[in-house]
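Student: Hi, could you walk me through this model? I'd like to start with the whole chain and then go into some details.

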Amino acid sequence: MPGPRGKTKAKKPKPIVNVHSVTRVPSEEFIGLVDDIEGAEGWNTRVKVLCEFLQLPDLSRRSGLKKVHANFNEVYHNIDNVYVANITNEKITGAIVGIYTKMCADAILRDKLFQKGLVSKITPLIKIPSTRYLALRALTTVTHHGGVDIRKEISLESPSLLKIIQENPDDLWAAEMAISTMAHAIGAAINQEDSPAQKYIEAANIRILIPVVIDFMRKPGVTIQLLHHGLELLTHPVLHCWSECKASAPLQNLLVACLRSADLTVRVSALGGLLRLEALSSEEDQRHFDPQKLMAAIERRFPDHLVDILTDYGSMRCDTFLTMASTADNQKAMMKCAQDKDLYSLGLKLAELITRTEFSIAEGGFQMQDPRTGKIEINRDIGLPFIMWSDALPHCARAIRAKGRPGEEDLADMITAKFFIIRSRIPDAIEAAKRGLQRNPKFAYFYYVITLGKDHYEGLRSAKKGLKCPKMTPFVRFGLLHRAVELAGNLGVCRIQESSPGDRKYDEGVAFLMSAMEDAKVYATEAPPDARHMKNVLYWYICLTLTIKGPDTPADLQELQVALKKLGYADEFSVLLGTIPPKTQLRLTQQNIVKRYPTAVEEWKDLIARFDEVMMDERPISLEKAEDDLAAWLDDLHIDQGEEDECQPQRCSHPRVSPNTVALYRCSWCGNPSAALRKCSGCEKARYCDGGCQKSHWSEHKATCRTSMA
């Protein structure tokens with residue numbers, strides 16, 4: 001046994017069979033153990049001495065952890081006897097914490113130890129210089145591998161961790177472990193959709209946390225692990241502690257500057273933090289349309305430079321004209337129906353208007369003047385089964401179905417879906433659209449309706465499939481593009497933040513971002529300059545350009561000047577039409593980035609260079625290879641055969657991912673981005689969402705497929 005010889009040899013306790021029959025061993029029994037521990041050099045040796053004394057199995061192997069599982073109460077009781085009897089001996093309590101840390105590689109053992117008060121055994125040792133590193137490493141390991149409950153409990157120790165690194169400003173190793181622990185723990189406690197418990201927010205002490213972490217990130221010599229965990233930690237409080245975060249200009253500038261990192265993970269983490277920073281202080285987007293404001297704007301006349309823009313695009317194709325014309329056509333159709341009572345003809349006209357522009361079906365009613373009062377009132381006795389015009393939609397749909405004419409069933413389902421959209425009954429609208437798609441999978445408007453639902457994956461897939469339909473109006477096409485940008489952008493940012501490079505979710509997230517970027521560029525180039533969603537798409541385009549291109553974007557943002565100018569025109573159109581651009585989450589994020597970008601890049605260029613130094617020597621990861629390697633690793637996992645798999649604590653890593661291989665994760669037909677596409681069994685190169693996409697693509701693909709097979 002390591003340590004001095006010739007002293008009293010420690011007596012090993014016999015294995016305990018019945019935990020209930022155990023009595024505590026007198027402290028005198030540990031004299032030999034104390035001598036051996038005192039003579040041991042280093043924590044690894046002390047842990048080994050204690051393991052041998054306690055007759056513990058090899059904790060570095062799964063088989064050893066299984067033996068602890070089988071006899072947990074007895075094993076824990078033995079260890080706790082030693083802990084209690086030697087509570088004032090730093091080396092013994094530290095070695096016991098080391099044993100517990102090894103056990104925490106197993107999730108079930110970790111949960112059991114947590115219930116036994118593991119955290120309360122670790123945290124006192126952080127305050128003792130001789131055991132500080134061991135305790136911090138133990139806390140880091142437990143936090144990194146622990147579940148949500150464990151991490152939340154550990155987050156309550158943040159004040160102690162902050163105090164330690166404040167009192168030891170030159171101890172970068174302690175700072176790295178403390179910041180890593182807080183990154184995982186505080187993230188679990190407060191980085192969630194719902195408002196977290198106040199105790200977690202108070203423990204995080206954001207006003208102190210932000211400057212302390214930023215100061216350490218600025219220090220020369222800090223490791224890349226501290227930088228990554230520091231960035232991760234700083235993005236956690238931006239949602240529920242946004243006011244404190246907005247009060248910190250260095251924090252916001254750091255997040256903006258990180259958009260120039262060579263590491264895609266860093267850039268997306270920064271964008272996610274900037275988006276969440278604006279979430280709770282933002283406004284809802286415009287949802288309603290007032291035709292009176294439109295008419296007033298037209299009567300006032302547009303400024304000459306906006307008239308020139310509309311003329312260059314084609315005035316008759318612009319949203320302003322189409323909406324005005326559709327409103328007038330809707331009114332004429334209603335007046336005609338009031339005379340001839342022909343709901344079928346009205347339905348056909350409404351079907352045409354629905355695909356012309358978003359607000360073509362304006363709310364209104366048949367009016368009359370009260371002969372007694374002279375007031376204009378709604379005429380409720382006109383001989384039609386509806387009073388308000390929007391209520392005509394379900395009656396028109398029934399009239400079209402009653403005719404039973406070929407091809408018109410699609411129009412009836414479209415009218416029904418539009419009625420549900422107007423009434424904010426989106427699930428019912430989606431159900432109607434899906435019924436229509438079962439009959440006609442090439443009807444683009446049905447796909448547009450599905451994109452409005454809460455299922456973002458289904459929505460994005462529908463947007464991509466809808467864009468492949470052979471016939472659609474410009475309104476439907478641009479509506480699908482807009483939804484494709486929003487859905488893919490949100491999914492991409494979320495997926496990359498929730499996963500690690502090489503994971504299937506990460507690869508999928510990269511594909512989502514690239515898809516959103518491509519569709520945003522098409523929309524910004526081809527949609528009417530006065531389109532209602534032009535602003536939202538340009539917000540995404542600006543944010544995605546900076547995130548995807550990273551350091552390739554000029555610091556003066558010259559590359560984005562055309563988009564920013566177009567965004568200015570879109571704002572002018574919105575104001576002229578009676579709607580002040582709402583301060584949406586995306587708008588505030590984009591404005592914050594553009595405003596801070598040049599200054600932030602200069603302020604944080606040295607730190608960003610630190611991030612990028614690590615990236616220089618790393619090869620880009622092939623997304624296809626990463627997926628295959630993961631599957632092979634899972635297939636090669638053998639339990640109880642002596643291998644050391646995940647038992648050793650793993651450090652976080654943030655390698656680079658090249659977006660150049662994203663095409664491997666786009667459907668060869670509709671372009672839907674996914675890491676779960678089916679390969680063509682013939683050439684094994686083309687990928688598809690499902691059999692429908694493969695069948696649709698076959699007329700184009702068969703030539704290249706057969707060439708590959710030959």
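This is a predicted model: local features need pLDDT of at least 70, side-chain atom pairs count only at pLDDT 80 or more; totals for chains, interfaces and linings use all residues.

Student: Thanks! How many helices and strands does the chain have?

Tutor: The chain has 34 helices and 4 strands. Helices (H or I, at least four residues) and strands (E, at least two) are DSSP runs, numbered from the N terminus.

Student: And what share of the residues is buried?

Tutor: Of the 710 residues, 52% count as buried. Buried means under 20% relative accessible area, exposed over 50%, and partly exposed in between, with a 1.4 Å probe and protein chains only. As for contacts (heavy atoms within 4.5 Å), residues 24 or more positions apart account for 71% of those with a separation of 6 or more.

Student: Let's zoom in on Thr451. Where is it?

Tutor: Thr451 is in the loop between α25 (444-450) and α26 (456-466).

Student: Buried or exposed?

Tutor: Thr451 is buried, because its relative accessible area is 0%.

Student: Which residues is Thr451 in contact with, leaving aside neighbours within four places in sequence?

Tutor: Those are Gly459, Ser462, Ala463, Leu480, Arg483 and Leu487. Gly459, Ser462 and Ala463 are among the buried residues of α26. The side chain of Thr451 also reaches the backbone oxygen of Tyr448 at 2.5 Å. That is a polar contact: a pair of N or O atoms within 3.5 Å; within protein, one must be able to donate a hydrogen and the other to accept it, and residues adjacent in sequence count only if both atoms are side-chain atoms.

Student: What happens at the start of α26?

Tutor: There, a side-chain oxygen of Asp455 reaches to within 3.2 Å of the backbone nitrogen of Tyr457.

Student: New topic: what is the phi of Asn205?

Tutor: Near 50°, a positive value in a residue other than glycine. Most residues other than glycine have a negative phi. Asn205 is in the loop between α12 (198-204) and α13 (206-218), and Asn205 counts as partly exposed because its relative accessibility is 35%.

Student: And Glu684, what is its phi?

Tutor: Glu684 has a positive phi near 60°. Glu684 is in the loop between β3 (678-679) and β4 (687-688), and is exposed with a relative accessible area of 55%.

Student: How many residues does the largest nonpolar core have?

Tutor: The largest nonpolar core has 151 residues, and those with the most contacts inside it are Ile99 and Met103. A second, separate core of 45 residues includes Phe366, Ile400, Phe420 and Leu480. A nonpolar core is a set of buried Ala, Val, Leu, Ile, Met, Phe, Trp, Tyr and Cys residues joined through side-chain atoms within 4.5 Å.

Student: Last one: which helix gives the most to the lining of the second largest pocket?

Tutor: α27 does, with 6 residues. α18 (291-300), α20 (319-340), α27 (474-497) and α30 (561-576) each supply at least two lining residues.

Notes
Residues are numbered from 1 along each chain as its sequence is written. Side-chain values use heavy atoms; hydrogens and water are left out.
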